[in-house]
Each structure stands twice: as structure tokens, then as C-alpha cells.
Amino acid sequence: MTPVATMDEEYTHEPVLLNEVIEHLVTDKDGTYLDATLGLGGHAEAVLATISAQGRLIGTDMDPQALAIAAERLQPFAGRFRLVRANFRNLSQTFQVELGASGPFLTGALFDLGVSSLQMDKASRGFAINHEGPLDMRLDPDSPLTAERIVNEWPEEQLTLLLREYGEERQAQRIARWIVAARQDQPLRTTRDLKELIEQRLPRTGRLHPATKTFMALRIAVNQELENLTRGLESIAALLRPGGRIAVISFHSLEDRIVKHVFRSFEEHGGYRIVTASPICPSTEEAGRNPRSRSAKLRVVERNR
Ligand SMILES: C[S@@+](CC[C@H](N)C(=O)[O-])C[C@H]1O[C@@H](n2cnc3c(N)ncnc32)[C@H](O)[C@@H]1O
């Protein structure tokens, strides 16, 4: 595991399915690759170490802190990469100039979905049940919607729907009712307020904390993760050269379902071939070493004309 030292902190984010990503993504060592979810730059570093001196990498992320950390990490490859702050849902607009100048220019694009340890482990970002922080959960700190606004402002029916659809939470209606009742006394401000509200009312069954699904649902809604994924995959297709590949690592069934359906629709419309008939999962060794990898699924599609 490579610790990434920054100005005053150290983050350890082990890139998931690293060898499998490189093996399936890098088809031409002189090509241009996009890491659409740069994070702390673990996958990007491996791509740069694999491609030739003529090969190039573009890294995008909507979190400026992640971009700053990755920029430091990738310094040994200076001159061969470029980092851009962007939401991947708009990739074809972000790279409109390049597209206009040379047509589809990417040999491969990677989406490693979700959050990195930078976001998950930092209490002030508000993602983690076990670190007390503000109910924030924004990947893009300039986005107007926070988890705090959702829990304190959304009507009960909308909260129920969110917990049911994004959290697949069976107790959605009850949790939404508890949130609405609690906020009438006092707004919910911190991860601890929300965590305690749920754990005091729902018994723990199994390994998961009873608020896990609520936290996941809020994160998905705050960052519009599912809409971004669909639009991001459709958007990237326009930038891909024939022979180029898109690799996506997803971490839960809602994401994996979208990836599967979008790839299938690419294939049905012609010009694409699904490379992974079933998703690639981490080895037992990786799953044992890196618990975060356990739910990971890698799917790959190739543009063939
Ligand atoms: C799991 S991390 C990537 C980790 C990276 N592969 C590594 O090895 O360090 C996911 C990253 O994607 C970013 N992200 C998620 N959704 C995004 C979106 N729609 N547009 C741009 N970046 C996004 C997050 O900010 C986060 O930094």
C-alpha cells in the first residue's frame, strides 16, 4: 500500500484491481489515456509507469484537494500528464477543443467510482459514520447541495424515496419519519447526530452499522452519482478512438447495473464489444489485504469502429 504524503497529512488509498485495470486498459503504450476519477493518483501512476515516453495521461476529478495531491504524486512523470478539474458527466464538453482539433483521441478511459480515503477518512468532509464531522458529503466543495440540506429540508416522502432507491433501505419510511420528527426540535448538523438518531432506534443486525445505508443514500444523492455515471459513460464514448477501451470499477449493485446496461446498449447500437462477459472481481488475496476492494467489480468495453 502506498501512503501519499501531503502538506500536513498522509492518506493511504490502495488502488483497487490495479493489475487487472492495467492489463485491460493499456492496449497501446503510445496512446492517450484518461483517468476520469483521478483521486490520489494510484491508478494514474501505474498507467504512466506502463505507457511509453510518447504516451500521455489526462486526469480529471471534481475534488480540487485530490487533484493537488495527485499532482505531487505524479511529479516524476512531469510533461507526460495533464490534470483538469471537471465533473466526468461533462467530459465531451470539457474536451471539446481536443475533439474538434483531432477527433476522438483517447485510447482508454478509467472510472474508479466512489470516494477515496482522502474523502472517507477526513472527518470534515462528512462522509464517514465513525468520524464526527459536518453533514457535508460533497465531492465538489463548490456544489450547493449538502447532506445537511437534504436531511433538514427535504419532505418526508422525498427522504423515504431517496433511502429506498439509493440506500435499498428496508426501513426507509421509518428512518425518514424519525429524521423529520427530530429536526422539528433541532436541525441535524453532524454525522454523529444522524448516526445516533438511527442507532438508538434500529438494532444492529449483522456486520453493518444500522445507519450505513442511510449514509450511502445521502452520498449518492448529494453527488448525483448515478446520473453522473450514466451521463459520464455516454459522454466518454464520443472521445474514444476505434480500438479504445472504457474500464469501470463499481462498488455497489446500483452502479454496476448502470454500467452493465450502458455497455449493453453500446453493443446493441453497434461499434462496441463488451470485453468482460462477467465482471472481474478482486482475488481472495486482494480482498483479504484491502477490505475496500471486496465489493469491487470491473467491466470493460471496447470501441471497434
Ligand atoms: C475511488 S476514488 C479514485 C481513486 C484513484 N483511482 C486512486 O487510485 O487513487 C474516486 C474519485 O473520483 C472522484 N469522482 C467521483 N465522482 C466524480 C465525478 N462525477 N466527476 C469527477 N470526479 C469524480 C472523487 O472525487 C474521487 O477522488
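I began with the ligand and counted 22 residues around it, the closest being Pro15, Thr37, Gly39, Gly42 and Asp112. I note that the model is predicted.

I then sorted the shell around the ligand by residue class: 11 of its residues are polar, seven are nonpolar and four are charged. I also looked up which elements contribute to the shell. Helix α2 (42-50) supplies at least two residues, and so does strand β4 (56-61).

Next I turned to strand β9, residues 297-303. I looked for its partners. Strand β7 (residues 240-250) runs antiparallel to β9, and six bridges join the two. In this pairing I see serine 250 opposite lysine 297 of β9. Strand β8 (residues 272-274) also pairs with β9, in the antiparallel sense, over three bridges. Here tyrosine 272 stands opposite arginine 303 of β9.

Last, I checked the nonpolar cores. In soluble globular proteins, nonpolar side chains tend to be buried together. The largest core in this model has 49 residues, and the members that touch the most others are Ala36, Ala109, Ile236, Ile246 and Ala247. I listed the contacts of alanine 36, leaving out residues up to four places away in sequence: Thr60, Phe88, Leu91, Ala109, Leu110, Phe111, Gly232 and Ile236.

Key. Residues numbered from 1 in each chain as written. Predicted model: local features only at pLDDT ≥ 70, side-chain atom pairs only at ≥ 80, totals over all residues. Pairing = 2+ DSSP bridges. Helix = DSSP H or I, 4+ residues; strand = E, 2+ residues; numbered from the N terminus. Near = placed C-beta within 6 Å. Nonpolar A, V, L, I, M, F, W, Y, C, P; charged D, E, K, R; others polar. Core = buried A, V, L, I, M, F, W, Y, C linked by C-beta atoms within 7 Å. Buried ≥ 20, exposed ≤ 12 C-beta atoms within 10 Å, placed from the backbone. Contact = placed C-beta atoms within 7 Å.
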